[in-house]
Amino acid sequence: MPEPIIKVKNLEITYNKGKENEFVATRGATFEIYPEEYIAFFGPSGCGKSTIFYSLLGILEPSGGELLVKGENPYKYTPEKMVHFQTSTIGIIYQAFFLINSISVIDNVALPLIFQGVPPNVRRKRALDLLKRFEVDSKADFYPDNLSGGQSQRVSVSRSMVNNPDILLADEPTGNLDSISTKQVMDALEEINQIDRKTVIIITHNAAQLKYCHRVFYFKDGKLDRIVPNPEKKQIAKVDKTKILVTEMEQLSRLYPYNPPDDLKVKSLVNFLTQELTLDQVQRLENAIRMMVDRKTEEEKFYEYLCADFDAGGVGLNKARARKITDRIVKILKESKDIQRYRRRLLHGDLFTNQDELVNKIREYLMADYGGKISPEQRAALKTAIFDRLVGNFRKEGFEKRLNTPLKDGGVGFNSQTAYNMTLHLEKMLIQGLETTGGGH
Ligand code: ADP
């Protein structure tokens, strides 16, 4: 096995050290990253992921522990060597791109080469080659503020690669992008890892992106909580892949008796990465939700059960979380009743009574979560889209597409995130509104 390219031991990073507002953002992180690995830093906002990034980049000196990149402590470098390190050993791309708007796209990409004393014609050629590779060369002579988000990020990727660094850091690179641009950027990073054989470290909130990585570093409250290898990837580091899966398999097969073992493995990892709950807690939560869906319990009892200590037979959630879950479930069940009414009328051919009022109501439920401004034309278009989904004129994907299509092309004109959120919300109402034996009234 090769030597680690990054070695971190008991790393501690403190903001405002010695001042009244001193804050320890990273405590005791220990990890090693190997050349050509693709690593994800994953975890809730504020848990210290970016802090470690800036420390790796040489701009935030650790207050304790050890940090070595390619066997050296960058904080010991002379200023000249530090510039070389920051432009040639490590490349970085940011969520907000950070392109310079007063110079052209190609000059943005070529800029880091100036610090290396590369002659202008070579700089231009190398920058243009990268822009071609990431399919933004048609924008080479434009200014960055004329670019879409996806194009801007592909320019940043080109800039980060211009000095051929060993390590690429990507700080939520797709946080501002739509789904098509996200895929292009994720494909570019994968290519940089697999074809260029660079070490890539990405900060992401998006669980769907973890599949690209060799290992996931899960952060929690300023600590590296666990390291999870991706079973789909041939590992570079030495890991014990099976430990978690085997011990949980039995429990999972009780929770999901009809799922094949492969699905259970996936569920185990998803549960591990996205929830703080143990599988025992998940099981109790599911039972409680079933009681609510069947309307065999009421709001306050449900809430109390969620808060009650696990040892006392409850789910063991904290009060704030229990309240949030209770409120959301009560809300969605109430909303789904209107869907049920609507479907019943539809079934009896009684579509005209109060049809408008019900569709309006559903629209208001969706709008309440949205909170943004909406024009009268959009309101009307949203109503038609809801109607079409309710009577089955199109499926979930069709509804989402309609919301995300511009008004002038017959859509509702929402951005992709809003379209996604509203579709999800409506689908939750729809599924709860389905008539099942013993279901709601
Ligand atoms: P993440 O990237 O996981 O969202 P960050 O590394 O940005 O988290 O932040 C970790 C913690 O450090 C947060 O509580 C944040 O408020 C705090 N923090 C970040 N930057 C500073 C700073 N410049 N001064 C003081 N505290 C900071």
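Strand 1 (residues 6-15) and strand 4 run antiparallel and are joined by 5 bridges. Strands here are DSSP runs (E, at least two residues), as helices are (H or I, at least four residues), numbered from the N terminus. Welcome to a predicted model, where local features need pLDDT of at least 70, side-chain atom pairs count only at pLDDT 80 or more, and totals for chains, interfaces and linings use all residues. Residues are numbered from 1 along each chain as its sequence is written.

- An open sheet is formed by 3 strands in the order 2-1-4, with antiparallel pairing; two strands pair if DSSP finds at least two bridges between them.
- Strand 2 and strand 4 (64-69) stand at the edges with a single partner strand each, so one side of each has no neighbour in the sheet.
- From one strand to the next, the twist averages 25° (axes are lines fitted to C-alpha atoms, for helices over the stretch in contact, and angles run from 0 to 180 degrees between N-to-C directions).
- E12 has G64 in strand 4 as its bridge partner.
- Helix 1 packs on the sheet, touching strand 1, strand 2 and strand 4, and its direction makes about 65° with that of strand 2; contact means C-beta atoms, placed from the backbone, within 7 Å.

**Around the ligand**
- The residues surrounding the ligand include Y15, F23, K49 and T51; a residue is near a molecule if its C-beta atom, placed from the backbone, lies within 6 Å of it.
- Strand 2 (23-33) and helix 1 (49-56) each supply at least two residues of this shell, and helix 1 gives the largest share, 3 residues.

Terms used
Contact = placed C-beta atoms within 7 Å.
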